[in-house]
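Subject: Structure handover

Hi,

Here is the structure for you to look over. My notes follow below it.

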Protein chains: 2
Amino acid sequence: MSGKRKGLGRATVHDVAKLAGVSSITVSRYFKQPDIVSPVLRERISEAVRVLDYLPNHAAGGLASTRGRIVAMVIPNISGPIFANTIQSFSDELSRYGYQLLLASSYFSIEQEERAVRAFLGWSPAALVLTSQYHSEETERLVAKATMPIVETWDYEPARKPLQVGFSHGEVGRQAVEYLHGKGYQRIAFVQNSMVGDLSALDRRDGYIAAMASYGLNPWVFVPTQADPFEAGKQAVNSLLLRKEPAEAIIFANDNLAAGGMLAGQRAGMQFPRDCAIFGFGNYAFSEMLLPSLTTIRPPAKEIGEVAAMRILQALGEIPTDEPVQHLNLLECELIVRESA
Amino acid sequence: MSGKRKGLGRATVHDVAKLAGVSSITVSRYFKQPDIVSPVLRERISEAVRVLDYLPNHAAGGLASTRGRIVAMVIPNISGPIFANTIQSFSDELSRYGYQLLLASSYFSIEQEERAVRAFLGWSPAALVLTSQYHSEETERLVAKATMPIVETWDYEPARKPLQVGFSHGEVGRQAVEYLHGKGYQRIAFVQNSMVGDLSALDRRDGYIAAMASYGLNPWVFVPTQADPFEAGKQAVNSLLLRKEPAEAIIFANDNLAAGGMLAGQRAGMQFPRDCAIFGFGNYAFSEMLLPSLTTIRPPAKEIGEVAAMRILQALGEIPTDEPVQHLNLLECELIVRESA
DNA sequence: TTGTAGGCGTTATCAC
DNA sequence: GTGATAACGCCTACAA
């Protein structure tokens, strides 16, 4: 008798089973644990799968087994010059083990992040990846209650419960000051990110402030009002250099700001680093092509994706926990010295 | 009696229904069509949802309704300077309607693409998005057999069955030649992409060849052997300019190649566009910051994502088909004239 | 407006 | 090694 409801119209395990003359559970085993199915049946099932063009329905499988092969990730943005590398390496590593990536962007909004997390939890992903340690209370609650592995990336705050894979943003600020101070600069300014909600960027600023204080120097933070990074950089240069006692060195919160500031200054007749040292963050693709090429700090974007994926695969039992080379979750940024500072 | 199997341990519609004193289908309706549930029950259900911290299970919902709110996309790469914008705008547009993005990258390999398509079809996505018109036979077969809307992006070949949202790559090659020819250049060379598998890039080359022929000029294609784009660009410049009759203008398959070529030439003492006009493709972020800034063609990356999402939402009945402004699926590239040509 | 019955496609459990 | 049965959590179909 024909059922009352119509499915997708595709072949199911039952169809395959009937054609192969076995029970459906055997077909299921054929896919999950082929070695416990006898060669004869394996051959018959294989043929039936081919004939019927059978594709396993992952939604049904996930429902029945309560664990699907989807991993969800919320990231501030996909198209930015930084996070894309993390997404790419993360996705590549996971797909190697048959996991698919469910992706959403938050644009540094904890409300958007929360919405994405809610939606994702509804898919019962095998794991959930967030960015940074800053979330809404509700997100924290949902995550604490969730049973799958949770990983926070792009930050490192060991005191927190979720697994962290990232680096210390405060350390980045400190490192920049250390380098510039070592080259003899005293009046070192910091240009903050104009992107509201990027709280990790403020950690970098705080690292800068602490480091300056430790050298007995006065912190000097400029906060641009322009949203466009290139405009903001320009604004910063105008404010910090066109004055009686101009900055000797400027640390920009990212390479976009630095590039904008540098080009604005050059148009106004300045030369870098002669008139002022320029220091960025991010090591964007263009940074080595600027004139002068940009001294900056490279965050371990790709490595974060790889290690996060590895930790998840370990937590899921896909790969052994005692890998020969034990990566640490606290990753290093790389100081890239070029011409601008 | 306690069930023999344990689920996720989360509250289900049944739990909510019991607590609210209604049937589970009413809870289901509360989420899908709240307006057909009486205010009294709505209030009771709402309270129960809060108390139990209920989250709908999308896998179960998708299975039951045979249409989940997932859209799958296969794209050559996530972290490249081009496709990220398409992914971003596509994802943003979809998430506005409650659809989530399942993503995989193919690295221009039709085998990897096929693997991703197989995996994705197992999730019965609401729609499937591919890149370009070039796929394996098996992919073509799977796609032809699938019942959900299929969209091909980044290409436009109306003769094909799947919905196309993109632009004509051949036209890009033609447009570059037209521009350079209009400026009086005759010996116009073309530097091919060193990325194997990027067949659309070859369409751009073919457009170049056809356009050259139409002007009575000899096509001159250089194929780099270096994989790294900056190295490949360098190789091209050395080959095309260090000779008796050097190229007067070079069209590079992308901005990376163009930048690499230009920097190599400058290091060898050349000046652009004085010694040779440089023309790129892609309008990468750095292109306007080069010295000289790069004349290039901007592909409608963001627009492709938006229009693809719109077409899918229309096909799914989420938005009306007769939008006030009817976007066309054949999108325009933008010629961006800067200093290098 | 609300409820009952049963199926969506797969897998856990237990029996042979 | 293989199979029967029921359950995963939700929603369609139909009835009231």
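Which residues point one way from strand 2 of chain A, and which the other way? Gln100(A), Leu102(A) and Ala104(A) point one way. Leu101(A), Leu103(A) and Ser105(A) point the other way, and all are buried. Buried means 20 or more other C-beta atoms within 10 Å of the residue's own; 12 or fewer is exposed, in between is partly exposed, and C-beta atoms are placed from the backbone. In a regular strand the side chains alternate between the two faces of the sheet. Because 6 of the 6 residues of strand 2 of chain A are buried, this strand is largely enclosed by the rest of the structure.

Ground rules first. This is a predicted model, so local features need pLDDT of at least 70 and side-chain atom pairs pLDDT 80 or more, while totals for chains, interfaces and linings use all residues. Residues are numbered from 1 along each chain as its sequence is written, and chains are lettered from A and ligands numbered from 1 in written order.

Strand pairing
Strand 2 of chain A has partners in both chains. In chain A, 6 bridges join it to strand 1 (residues 70-75), and the two run parallel. Ala72(A) has Leu102(A) as its bridge partner. Across to chain B, 3 bridges join strand 2 of chain A to strand 2 (residues 100-105) of chain B, running antiparallel. Here Leu101(A) is partnered by Leu103(B). Pairing requires at least two bridges found by DSSP.

Chain A overall
Chain A has 12 helices and 11 strands. These are DSSP runs (helices H or I, at least four residues; strands E, at least two), numbered from the N terminus. The C-alpha trace spans about 90 × 40 × 40 Å along its principal axes. Buried residues make up 50% of the 341.

Domains
An automatic or database domain assignment sets the bounds. Chain A divides into domain 1 (13-54), domain 2 (62-167 + 301-333) and domain 3 (169-298). The centres of domains 2 and 3 of chain A, over C-alpha atoms, are 30 Å apart. Contact means C-beta atoms, placed from the backbone, within 7 Å.

Arg174(A) sits in helix 8 (residues 169-182) of chain A. Arg174(A) counts as buried because it has 20 C-beta neighbours inside 10 Å. Leaving out residues up to four places away in sequence, Arg174(A) touches Gly207(A), Ala210(A) and Ala211(A). Ala64(A) is 110 residues from Arg174(A) in sequence and 51 Å away in space, C-alpha to C-alpha.

Chain A to chain B
45 residues of chain A contact 45 residues of chain B. Elements giving two or more residues to the chain A side include helix 5 (83-95), strand 2 and helix 6 (110-121).

DNA strand D
There are 30 residues around DNA strand D. Near means a C-beta atom, placed from the backbone, within 6 Å. Gly7(B), Thr12(B), Ser28(B), Gly61(B) and Ala64(B) come nearest. Helix 2 (24-32) and helix 4 of chain A each supply at least two residues of this surface, as do helix 2 (24-32) and helix 4 (58-65) of chain B. Helix 4 of chain B gives the most, with 5 residues.

Best wishes

Technical notes. Two residues are in contact if their C-beta atoms, placed from the backbone, lie within 7 Å.
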